[in-house]
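These are my notes from one sitting with a structure. I wrote down each thing as I looked it up.

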Amino acid sequence: MSFYGLIWRLLPGPTALKVVEAAVLVLAVVAVLFVWVFPAVAPFMPFNDTTVGQ
Amino acid sequence: MRFVRGVAGLLGELLVTVGVVLLLFVGWQLWWTDVVSDADAAQVVDALQADFDSPEWVQPKHVKLGDAFAIVRIPRFGARFARPLYEGTTRDILQRGIGHYTNTAMPGEVGNLAMAGHRTTYGKPFNQIATLEKGDVVLVETKSTWYVYRVSGHEIVPPTQVSVLLPVPNQPDAEPTEAVLTMTSCHPEFSARERFVVHATLDASYPHDQGVPAGVLEVS
């Protein structure tokens with residue numbers, strides 16, 4: 001039982017192609033995190049306030 | 001036994017994934033937000049400069065929330081340090097540059113020109129705020145004028161101390177007679193526990209087309 005092993009087996013083509021496909025998948029996940037997930041989470045972090053106010 | 005090992009393997013993958021995502025978040029927050037904000041700020045400064053040079057563009061009297069209307073330069077932060085000054089201090093605005101507290105004085109105006117900026121992340125315009133010394137120049141450029149403010153001092157206050165933004169900082173009943181500037185940022189770095197506040201006073205102003213005397217921009 002291995003999640004990443006399963007993905008690796010499902011990727012089509014010879015090993016060299018699988019490596020490229022895996023890299024694309026990783027980049028896609030990082031892009032989703034950078035563009036949508038992290039910006040949505042950041043306001044809840046305790047170090048981003050610079051203004052004075054109640 | 002095989003089942004237990006399988007579950008343990010999945011759990012391991014999950015934990016490693018969580019660890020990698022957390023590291024990615026740190027990288028995003030400490031590095032990528034600077035990359036994005038710096039590029040955006042540079043573009044906005046260029047656009048503002050083009051606006052200042054254009055005869056059709058008029059310096060707005062009442063700036064719309066979120067609009068950039070001036071350029072802030074602080075020689076102590078580097079000869080090339082230039083950031084847009086936006087109207088408003090909402091989270092979105094401060095991720096793009098320096099924010100002007102609404103209803104505080106405009107550049108050169110008698111009263112308190114109050115602004116906020118990030119000390120870490122999002123381009124961190126006020127990263128070096130604690131290095132400012134008495135007499136250091138904070139230059140505010142508008143279409144018509146270069147306003148030269150000079151640092152008069154700093155204080156560290158709780159986040160609730162809004163009196164630093166008053167027309168005469170920290171003096172609720174005083175009638176303002178001079179143009180001052182106040183900058184707020186977080187303190188200590190990477191914390192929101194307190195605010196680092198720097199005050200400055202308008203020292204001189206020069207017509208925009210005349211430029212600023214070279215000596216003003218030198219850091220002692």
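Predicted model: local features only at pLDDT ≥ 70, side-chain atom pairs only at ≥ 80, totals over all residues.

Entry 1: I listed the elements of each chain. Chain A has two helices and zero strands, while chain B has two helices and eight strands. In chain A, buried residues make up 11% of the 54 residues. For chain B the figure is 35% of 220 residues. The C-alpha trace of chain B spans about 80 × 40 × 35 Å along its principal axes. I also checked contacts in chain B between residues at least 6 apart in sequence, and 57% of these join residues at least 24 apart.

**Entry 2: the barrel.** How do the eight strands close up, and in what order? I found a barrel in chain B with the order S1-S2-S3-S4-S7-S8-S6-S5 and mixed pairing. On average, neighbouring strands of this sheet are turned by 30° against each other, direction ignored. I reminded myself that strands of a sheet pair through backbone hydrogen bonds, either parallel or antiparallel.

I followed some of the pairs:

- S1(B), residues 68-73, and S2(B), residues 82-87, run antiparallel and are joined by five bridges. Here Arg73(B) stands opposite Ala82(B).
- S3(B) and S4(B) pair in the antiparallel sense over two bridges. His100(B) has Met115(B) of S4(B) opposite.
- S4(B) and S7(B) run parallel, with six bridges between them. Ala114(B) stands opposite Thr182(B) of S7(B).

Five of its six residues are buried, so S4(B) is largely enclosed by the rest of the structure.

**Entry 3: the core.** Which residues have the most contacts inside the largest nonpolar core? The core has 44 residues, and the answer is Val72(B), Leu85(B), Met115(B) and Val138(B). Among the elements of chain B that give two or more residues to this core are S1, S2, S4 and helix H2 (91-94). I took Leu85(B) and listed some of what it touches, leaving out residues up to four places away in sequence: among them are Phe69(B), Val72(B), Ile98(B), His100(B) and Met115(B).

**Entry 4: where the chains meet.** The contact takes 19 residues from chain A and 32 residues from chain B. On the chain A side, H2(A) gives the most, with four residues. By class, that side has twelve nonpolar, six polar and one charged residues.

Next I looked at one helix pair across the contact. Two packed helices are described by the angle between their axes and the distance between the axes. For H2(A) and H1(B), the angle is about 65° and the axes are 11 Å apart. Their crossing is right-handed. H2(A) brings Val30(A), Leu33(A), Phe34(A) and Phe38(A), and H1(B) brings Val21(B), Leu24(B), Phe25(B), Trp28(B) and Trp32(B). By class this helix contact has nine nonpolar, no polar and no charged residues.

Entry 5: Most residues other than glycine have a negative phi, and most peptide bonds are trans. I searched for exceptions in chain B.

- A cis peptide bond joins His187(B) and Pro188(B), with omega about -10°. Pro188(B) lies in the loop between S7 and S8 of chain B.
- Asn103(B) has a positive phi, near 70°. Its place is the loop between S3(B) and S4(B).
- Thr121(B) also has a positive phi, near 65°. I found Thr121(B) in the loop between S4 and S5 of chain B.

Asn103(B) has 8 C-beta neighbours inside 10 Å, so Asn103(B) counts as exposed. Thr121(B) has 22 other C-beta atoms within 10 Å, so Thr121(B) is buried.

Conventions: Residues numbered from 1 in each chain as written. Chains lettered and ligands numbered in written order. Contact = placed C-beta atoms within 7 Å. Nonpolar A, V, L, I, M, F, W, Y, C, P; charged D, E, K, R; others polar. Pairing = 2+ DSSP bridges. Axes fitted to C-alpha atoms, helices over the stretch in contact; angles between N-to-C directions. Buried ≥ 20, exposed ≤ 12 C-beta atoms within 10 Å, placed from the backbone. Left-handed = near helix turned anticlockwise from the far one by under 90°. Core = buried A, V, L, I, M, F, W, Y, C linked by C-beta atoms within 7 Å.
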